[in-house]
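Subject: Structure handover

Dear colleague,

Here is the structure for you to take over. My notes follow below it.

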Amino acid sequence: MSTMTGYEFWTPEAMPNPYPYYHRLREDAPIFHNGGKTWTLSRYRDVAAVLPDKRMSAVRGQFEGLPEEERAGYQALIDVNRDMILFLDPDAHTRLRSLVAQAFSARRIEGLREHIVELVDQLLEPIGRGEP
């Protein structure tokens, strides 16, 4: 377990392509202590092992233990995470997931395939022409 730094995925340098950071995290510190009560697990087997454990939480401990000035730098991220289904614990997560499950069924997603392909092609077209 590591308390190393340098895994700041939300920096302007990392945001355009965070994958080298993820790779380094998996290699150097697959169980990473972010400070306070917050840990990041970057290997599937570790995540799969702790997800069912009721002692774990997606909510509790986020950014706890950080000095106030450092925490302030993450405030926008904290605000966004607060309402994301991904960062909710049961029962809130389970309730919201049941509300959206039908919208994300395999049949529904397959029905959207053509539209998604068209949209992606449209968004990538300027890049193919070398435009920003």
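The notes below go through the helices, the loops and the side-chain pairs in turn.

Please keep in mind that this is a predicted model.

Aromatic pair

Searching the whole structure turns up one aromatic pair. The partners are Tyr19 and Tyr22; their ring centres are 5.6 Å apart and the planes stand at 80°, so the pair is edge-to-face. The cut-off that matters here is that planes over 60 degrees apart count as edge-to-face. Both tyrosines belong to helix α1, which covers residues 19–28, and they sit three residues apart, about one turn of the helix. Tyr19 is exposed, at 58% relative accessible area, whereas Tyr22 has 33% and counts as partly exposed.

Is Ala29 buried or exposed? With a relative accessibility of 1%, Ala29 counts as buried. Pro30 has 16% and also counts as buried, because the limit for that class is under 20%.

Which residues does Pro30 touch, leaving aside its neighbours within four places in sequence? Pro30 is in contact with Leu25, Thr40, Leu41, Ser42 and Arg43. Two C-alpha distances go with this part of the chain. Pro30 and Tyr44 are 14 residues apart in sequence, and their C-alpha atoms are 9.9 Å apart.

Salt bridges

How many salt bridges does a search of the whole structure find? The search gives five. I describe some of them here.

Arg43, already listed as a contact of Pro30, forms a salt bridge with Asp46, and the closest N and O atoms are 2.7 Å apart. Asp46 counts as buried at 14% relative accessibility, while Arg43, at 26%, counts as partly exposed.

Another salt bridge joins the side chains of Arg55 and Asp53, with 2.6 Å from N to O. Here Arg55 is exposed, its relative accessible area being 64%, and Asp53 is partly exposed at 21%.

A further salt bridge links Glu125 to Arg129, where the closest N and O atoms are 2.7 Å apart. Glu125 counts as partly exposed at 47% relative accessibility, and Arg129 counts as partly exposed at 49%.

Backbone

After α6 comes Gly130, with a positive phi near 85°.

The other backbone item concerns a peptide bond. Most residues other than glycine have a negative phi, and most peptide bonds are trans. The bond from Pro90 to Asp91 is cis, and its omega is near 5°. Asp91 itself is in the loop between α4 (75–82) and α5 (92–100).

Regards

Terms used. Residues are numbered from 1 along each chain as its sequence is written. This is a predicted model: local features need pLDDT of at least 70, side-chain atom pairs count only at pLDDT 80 or more; totals for chains, interfaces and linings use all residues. Side-chain values use heavy atoms; hydrogens and water are left out. Helices (H or I, at least four residues) and strands (E, at least two) are DSSP runs, numbered from the N terminus. Rings of Phe, Tyr and Trp (its six-membered ring) pair if their centres lie within 6.5 Å; planes under 30 degrees apart count as stacked, over 60 as edge-to-face and the rest as tilted. Buried means under 20% relative accessible area, exposed over 50%, partly exposed in between (1.4 Å probe, protein chains only). Contact means heavy atoms within 4.5 Å. A salt bridge is a side-chain nitrogen of Lys or Arg within 4 Å of a carboxyl oxygen of Asp or Glu.
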